[in-house]
Every structure is written in C-alpha cells, then in structure tokens.
Amino acid sequence: MPKEPGRRRTKEEIRKKKKDPNAPKRALSAYMYFANENRDNIKNENPDISFGQIGKVLGEQWKALTDAEKVPYEAKATQDKKRYEEEKAAYQASKAQEYSE
C-alpha cells in the first residue's frame with residue numbers, strides 16, 4: 001500500500017508536548033519589565049531601527065543602570081514571581097484533583 005503524499009513531521013513536532021492553554025503565564029524578569037517600559041521610547045527616538053537593534057540598545061541601557069535604578073523593576077519581578085507561584089500551585093492542585101476523580 002503506497003504512502004500518502006505530504007509533509008513529514010520532524011522529530012521536534014513528534015516529541016513536543018501540547019501546552020495547556022489554562023496553564024498560568026510565566027513570571028517576567030526585571031529586565032523584561034524594563035524592556036517593556038522603554039521599548040516605545042527607543043522606537044520613537046529611532047524610527048528606522050530594526051527589532052534586533054532595539055534589543056541591543058535595551059540590553060546596553062539595562063547594563064548601564066545602577067543597582068538603585070534597577071530596584072523598581074526587581075520589585076515588580078518579585079511580585080510577579082509570587083503571583084506565578086500561587087497560580088501554579090492552584091493549577092497543579094486542580095490538575096491533581098482532576099486526575100484523582
């Protein structure tokens with residue numbers, strides 16, 4: 001019997017586990033809070049800049065910040081990490097209860 005024509009799945013596609021859409025979103029890092037807050041400013045200052053260049057500029061600015069300037073972003077990241085851990089614990093408890101029924 002001949003095989004059906006079509007695209008073969010790669011090993012990654014075969015092994016990759018489907019992500020549960022109900023799973024909680026991961027916590028953002030302090031750098032990501034900084035980047036989200038400053039990305040628009042960089043785009044406005046440099047309208048011709050590429051996506052990759054924006055990342056480089058953000059990285060350079062982040063490295064140039066002092067520890068005191070990073071504190072508000074680190075506080076947001078800590079808060080978000082607590083939120084994620086609480087949501088993850090609730091999610092895992094609901095999954096465990098789902099399997100036990």
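Predicted model: local features only at pLDDT ≥ 70, side-chain atom pairs only at ≥ 80, totals over all residues.
User: Is asparagine 38 buried or exposed?

Analyst: The general idea is to compare the relative accessible area with a cut-off: buried means under 20%. Asparagine 38 has a relative accessible area of 14%, so this residue is buried.

User: What does asparagine 38 touch, not counting residues up to four places away in sequence?

Analyst: Asparagine 38 touches Leu58, Gln61 and Tyr73.

User: Now the nonpolar residues. Which residues make up the largest nonpolar core?

Analyst: First the general idea: in soluble globular proteins, nonpolar side chains tend to be buried together. Here the largest nonpolar core has 10 residues: Ala30, Phe34, Ala35, Ile42, Ile54, Leu58, Trp62, Leu65, Tyr73 and Ala77. Two or more residues come from each of the elements α2 (30-45), α3 (51-64) and α4 (67-100). Helix α2 gives the most, with four residues.

User: With which residues is alanine 77 in contact, leaving aside its neighbours within four places in sequence?

Analyst: Alanine 77, one of the core residues, is in contact with Leu28, Ser29, Ala30 and Tyr33.

User: I'd like to read the rings next. How many aromatic pairs are there?

Analyst: The count comes to four aromatic pairs. To read one, look at the distance between ring centres and the angle between planes, where under 30 degrees counts as stacked, over 60 as edge-to-face and the rest as tilted. Take phenylalanine 34 and tryptophan 62: their ring centres are 5.3 Å apart and their planes stand at 50 degrees, so the pair is tilted. Phenylalanine 34 lies in helix α2 and tryptophan 62 in helix α3, so this pair ties together parts 28 residues apart in sequence. Both phenylalanine 34 and tryptophan 62 are buried.

User: What kind of aromatic pair do tryptophan 62 and tyrosine 73 form?

Analyst: Tryptophan 62 and tyrosine 73 are edge-to-face, with 6.2 Å from centre to centre and 70 degrees between the planes. This pair links tryptophan 62 in helix α3 with tyrosine 73 in helix α4, 11 residues apart. Tryptophan 62 and tyrosine 73 are both buried.

User: Which residues form one aromatic cluster?

Analyst: Tyr31, Phe34, Trp62 and Tyr73 do. You have met some of these already: Phe34, Trp62 and Tyr73 also belong to the largest nonpolar core, and Tyr73 is among the residues that asparagine 38 touches.

Terms used: Residues numbered from 1 in each chain as written. Heavy atoms only, no water. Core = buried A, V, L, I, M, F, W, Y, C linked by side-chain atoms within 4.5 Å. Buried < 20%, exposed > 50% of the residue type's maximum accessible area, 1.4 Å probe, protein only. Contact = heavy atoms within 4.5 Å. Phe/Tyr/Trp six-rings, centres within 6.5 Å; stacked < 30°, edge-to-face > 60°.
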